[in-house]
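Please read these points with the structure open beside you. They are short notes for a first look.

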Amino acid sequence: MIYPKKYDVVVIGGGHAGCEAALISSRLGVNTLMLTIALDSIGAMSCNPAIGGLAKGHLVKEVDVFGGEMARNIDETGLQFKILNKSKGPAVWSSRAQADMTAYKLRMKYILEQQKNLDIKQETVDEIIAEDNKIIGVKTNIGNEYLCDSVVVTTGTFMKGKIFIGLNEYEAGRAWEPPSKKLSDSLRELGLRVGRLKTGTTPRLDARTIDFDSLKLQPGDDEPVPFSFKTTNFNRPNIPCYLAHTNEKTHKIILQNLDQSPLYSGMVESMGPRYCPSIEDKVVKFFEKKQHQIFLEPQDEHSTEIYADGLHTSLGYEVQLKFLRSMKGLEEVEIMRPGYAIEYDFVDPTQLKHTLETKKIKGLFLAGQINGTSGYEEAAAQGIIAGINAAFQMQKKKLFTVGRDEAYTGVLIDDLVTKGTKEPYRMFTSRAEYRLILREDNTQLRLAEKAFKAGLMNKEHYEMVMEQKAKIQEMVKKLKTTYIFPNDDTNKKLQALGTKIIKTKTDLAKMLRRTEINYENLIELNPNLEKLEPFIKQEVEIDLKYEGYLNLQKQQIEKFKKYEELKIPSDFDYNVVGGLSNEVRGKLMEIKPSSIGQAIRIPGVTPAAISIIVVHLKKSNDKRYKSTA
């Protein structure tokens, strides 16, 4: 039947991208429907029981500022919290939390079910219906048609998913869950290029059969920091993880059984994740390494299941058990669920705009692994942007984009739509050229104004952030105009702090730039300085200690913006531009960059080609100006 209620937005999929898309769309006041293959799997963690990690923590906090749920959900259900890279510079600090997988998905499902303007139904979408290149609805496996104006597709690994365990294979979107067999064919019929990728997961082990006493304890931070800026009264457990290692015997077993690996037997031909390789790949490609780290992580506070992080494998069950038992502490281990590889359809993301709307079909947005990414956090970041824009399009508002100079979310999306990917894309701090400015700690400070103007943050929260920002700026200015003098008392204090004495009057900002000096030390040198709350103090220290580097990156961003402001019309005809090679012309016509800045980032587009396009644009604009005059 044609369902009697028309929706503004339909979200396909209930994973991390789908949850954020559906929640933000409905929170923005548009009637939203989530359609998912299994209601019980909404918010499920298909792979590792953790949120955050290197660069991924940045994405989670950005989703939080834009009105998302992932940060609050892990704060309510986490088992251990830790800030990674704390001994290094603030540009690479990243939050990570172990999750209670069951509690995480149950809370997310509850939040969705309580959300106003959101309906949730268990049906499999087989077809996306469009007329004149515009979305009009979707059709499900039981024949229902749901009319709508926008669709957000967040299918994860479910489109024609196929699972491999040794030489055994079967169709599934996730272990023991049915795949979506027809949707990718529908996307092809709409004119989208669809490819194939692979990822995998690890065996789940029975904690009762592990000798934890022989393994190294890996606790969380003693003073954990929440992910969400809205979380108060934070008090979560600190349940430990454990560190194990493979050894030469483990590697020998794996090498002797590569004929049972679908990755090496030719059964799987698609590309897997380079930065999260299987244990088979690690042993083969890093043959010189005698051992690899394996982190044993709890999946659930009230379960004995243990996730073996670092041990992704698709070898046969018997081989998995054999190589596991070759490791110290796992001599008698039992497998509760075997590791497996999964192959699935994805859509080439260069067919998307920065809004995550497809260029071919108005109202069709894609988010998550369908765009070639891996990871819950990358999915959530795309989901919230797609959901915002699906809602804004309905409300006839200007669509919402995030630049790579503003957020890691911007880096992620720009990389996908400009460069595409031939393997599952994973976010790293090294992908962000302005990472000292795009830190995790200053996420609210740099994005609050953007979120508030777009209607994604309420006025009370925005004003609180602006007060913090003003306080930081005020203190930085004060320290630059407050001095200490080279007298005996001052120099004795400096020597006691393990730093050089001064010979001329020196401002406190200059003192704070010294590696061994922090804000509390400044109070010892000048007791008139006020005590600061921890966050303000941290930001003041970072702003002054890294001031030179921050100013340099700000200059680089200004230069970057000049290229971004040189817009290329969507109907620009590259065929009339002389001097371009066929290869360059083909890439530009395929991606259709919206600016000279984006064109520069397309692989294979040369500086000479950019110069030619700029000259042509200038001549075109001059002609338009003269004709208008």
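1. Helix α11 is largely enclosed by the rest of the structure, because eleven of its twelve residues are buried (buried means under 20% relative accessible area, exposed over 50%, partly exposed in between, with a 1.4 Å probe and protein chains only). The buried residues include Tyr408, Leu412, Asp414, Asp415 and Thr418. Among the elements that cover them are α2 (56–65), α10 (376–394), α19 and α20.

2. This is a predicted model, in which local features need pLDDT of at least 70, side-chain atom pairs count only at pLDDT 80 or more, and totals for chains, interfaces and linings use all residues. Residues are numbered from 1 along each chain as its sequence is written, and side-chain values use heavy atoms, leaving out hydrogens and water.

3. Helix α11 spans residues 408–419 and reaches 16 Å from its first C-alpha to its last, close to the 16 Å expected at 1.5 Å a residue (the expected span is 1.5 Å times one less than the number of residues). Helices here are DSSP runs of H or I with at least four residues, strands are runs of E with at least two, and both are numbered from the N terminus. Glycine 420 follows α11 and has a positive phi near 70°.

4. Most residues other than glycine have a negative phi. Asparagine 133 has a positive phi, near 60°, and lies in the loop between β7 (125–131) and β8 (134–140). Lysine 592, also not a glycine, has a positive phi of about 50°; its place is the loop between α19 (582–591) and α20 (596–600).

5. Valine 614 belongs to helix α21 (residues 607–628). Its relative accessible area is 31%, so valine 614 is partly exposed.

Key. Contact means heavy atoms within 4.5 Å.
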